[in-house]
Amino acid sequence: MKKSKVFWGYIVLALVIYAVVQLLINSGTVNFYYENMLITICINIMLAVSLHLVIGITGQFSIGHAGFMAIGAYLSAIGTMKLEMPFITAILLGAVVAALAGLLVGIPSLRLKGDYLAIATLGFAEIIRIVFLNIDYVGGAAGLQIMRQSSWGYAFFAVVITILVIANFTKSRHGRACIAIREDEIAADAMGINTTYYKVVAFVIGSFFAGVAGAVYAHNFYIIQPTTFGFLKSFDILILVVLGGLGSLSGSVLAAIFLTVVTTYLQGFPETRMIIYSLVLIIVMLYRPTGLLGTKEITDVFKFGKKGGSKL
Amino acid sequence: MSETLLKVDNLGITFGGLKAVQKVNMHLDRGELIGLIGPNGAGKTTTFNMLTGVYTPTEGAIVFNGTSIAGLDPYKVTRGGISRTFQNIRLFKELSVLDNVKVANHGLAKHNLLSSIFRLPTHFKGEAKMERESLSFLKIFGLDIYKDELAKNLPYGMQRRLEIARALAAGPRLLLLDEPAAGMNPQETRDLMELIAFIRKEFDLTILLIEHDMHLVMGICERIYVLDHGQLIADGTPTEIRNNPKVIEAYLGEEVTE
């Protein structure tokens with residue numbers, strides 16, 4: 001039962017990280033500014049990891065992730081602000097509806113491949129955004145006011161669950177089926193894998209956690225507006241996945257942390273912010289063309305003397 | 001004694017106006033090892049693609065084990081008991097050798113999505129079973145020493161073997177081999193022939209193979225079908241095929257008339 005030991009090891013590590021940071025927050029060492037940065041990091045990790053499942057693992061080039069984030073954000077906001085649900089229930093509501101939307105979008109569009117799929121998902125995300133823009137119930141273009149309920153605790157445990165579920169999925173026959181689709185769809189089909197089913201499953205799980213991220217995001221900033229969830233947001237998430245290394249979960253996590261920290265510090269230089277940000281991206285891609293970690297996982301570093309076989 | 005496993009009746013497919021394959025009739029009895037030969041572009045791989053569901057035939061019927069499978073999705077055909085290899089190797093390059101085989105073993109595993117996500121005992125049991133079975137296939141093909149290597153890093157001959165091992169892991173009753181010996185040297189081809197004979201007996205397989213290496217085809221096949229220009233021009237035992245004037249014509253060209 002070595003595997004379950006590793007699993008509990010990670011759980012303990014997560015609890016320790018949580019407790020330490022929580023203590024620092026309580027003692028005031030980590031002020032509101034930094035707590036906010038930590039929550040943003042958590043949100044970005046969730047977005048990156050959930051898109052990593054769709055693009056990095058299953059190989060389906062979707063660039064409409066912000067759409068599902070928007071659904072999570074709006075539905076959870078409706079839950080807390082209009083229906084007076086507890087925050088947890090609202091998060092679940094947002095995530096489930098985002099997953100349903102993923103199912104609805106995924107079934108027709110995942111028949112497409114490559115560029116065509118990218119354009120279709122981009123289109124769907126815009127549709128979602130424009131729908132929210134035109135519903136007065138959620139404030140239309142003016143946005144929806146929200147009470148801040150997200151905290152380090154919520155954000156962190158949402159991240160832990162996201163990573164656990166997606167890592168567990170990846171390291172099973174189901175995840176292997178998805179990787180096979182990424183590697184060679186025709187061969188995967190010929191080996192008895194229901195390719196449509198697995199593409200949709202990966203898409204739905206990805207949308208679910210994008211919804212969770214959206215819900216946490218919505219309750220961290222006092223207002224949400226449809227413009228936040230435009231296609232630029234989708235590209236931001238895509239950048240995290242590509243920068244981390246397509247196919248690497250820990251890469252996505254690292255990239256999310258790295259870029260969030262960079263963006264946060266760059267807020268002090270509003271004029272040159274985007275120039276520096278772009279330069280950072282270009283430099284990373286020049287020196288690490290396959291992303292920060294390539295297809296490797298950070299855990300591989302500790303497996304000495306083992307060749308190849310980076311995944312699973 | 002002989003029990004028909006696969007019956008192909010008047011099979012044909014047209015791409016646009018091109019009749020790629022037409023009026024092909026075949027029948028395979030259980031346990032047979034049959035060859036499918038023909039010059040380049042004769043429609044052999046197209047026939048394979050129809051048998052495995054990649055193409056939907058425009059006419060005719062394919063009956064496997066008593067059920068019609070023409071036009072079924074490839075994964076359903078594979079689950080039904082037909083698996084294949086590819087002429088131009090299509091391994092999952094970035095996956096390890098062991099994982100390549102595990103992917104094919106997927107259809108035989110039972111543990112579901114939720115058990116994997118929540119790491120229930122059924123997940124561990126199911127994965128352990130897959131690991132055991134996949135390793136046993138690798139052993140047969142002498143690939144177990146490479147199990148953690150990425151498939152793309154294997155030498156060419158080993159990649160061909162891995163393709164067969166992978167096809168076998170899907171649990172087929174009928175195995176379709178598309179040029180399994182392509183690019184191999186004579187020694188590798190001989191080893192491969194022995195291996196094919198072995199797995200056929202061991203797994204009670206029926207095998208249909210496309211091959212250009214006449215030595216291999218004549219050596220191990222019990223019957224041979226010959227395709228030319230999308231049509232079946234001959235079938236029979238290797239000796240019959242060797243002396244069939246139509247076959248000689250297809251391969252060597254028409255005799256010059258005065």
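Strand 7 and strand 8 of chain B run parallel and are joined by five bridges, strands being taken as paired if DSSP finds at least two bridges between them. The model is a predicted one, in which local features need pLDDT of at least 70 and side-chain atom pairs count only at pLDDT 80 or more, while totals for chains, interfaces and linings use all residues. Residues are numbered from 1 along each chain as its sequence is written, and chains are lettered from A and ligands numbered from 1 in the order in which they are written. Helices (H or I, at least four residues) and strands (E, at least two) are DSSP runs, numbered from the N terminus.

Strand 7, helix 7 and strand 8 of chain B together make a right-handed β-α-β unit; right-handed denotes that, with the strands pointing away from the viewer, the path from the first strand over the helix to the second runs clockwise.

Strand 8 of chain B, spanning residues 206–210, is mostly covered, with five of its five residues buried (20 or more other C-beta atoms within 10 Å of the residue's own, C-beta atoms being placed from the backbone). Thr206(B), Leu208(B) and Ile210(B) are buried on one side of the strand, and Ile207(B) and Leu209(B) on the other.

Chain B is divided into domain 1 (1–81 + 173–258) and domain 2 (91–171), with bounds that come from an automatic or database domain assignment. The centres of the two domains, taken over C-alpha atoms, are separated by 27 Å. Eleven residues of domain 1 of chain B are in contact with ten residues of domain 2, contact requiring C-beta atoms, placed from the backbone, to lie within 7 Å. On the domain 1 side, helix 2 (74–80), strand 7 (174–178) and helix 7 (186–202) of chain B are the elements giving two or more residues, and the largest share, three residues, comes from helix 7 of chain B.

Between the chains, the contact takes 30 residues from chain A and 33 residues from chain B. The largest share of the chain A side, seven residues, is given by helix 7 of chain A.

Terms used
Contact = placed C-beta atoms within 7 Å. Buried ≥ 20, exposed ≤ 12 C-beta atoms within 10 Å, placed from the backbone.
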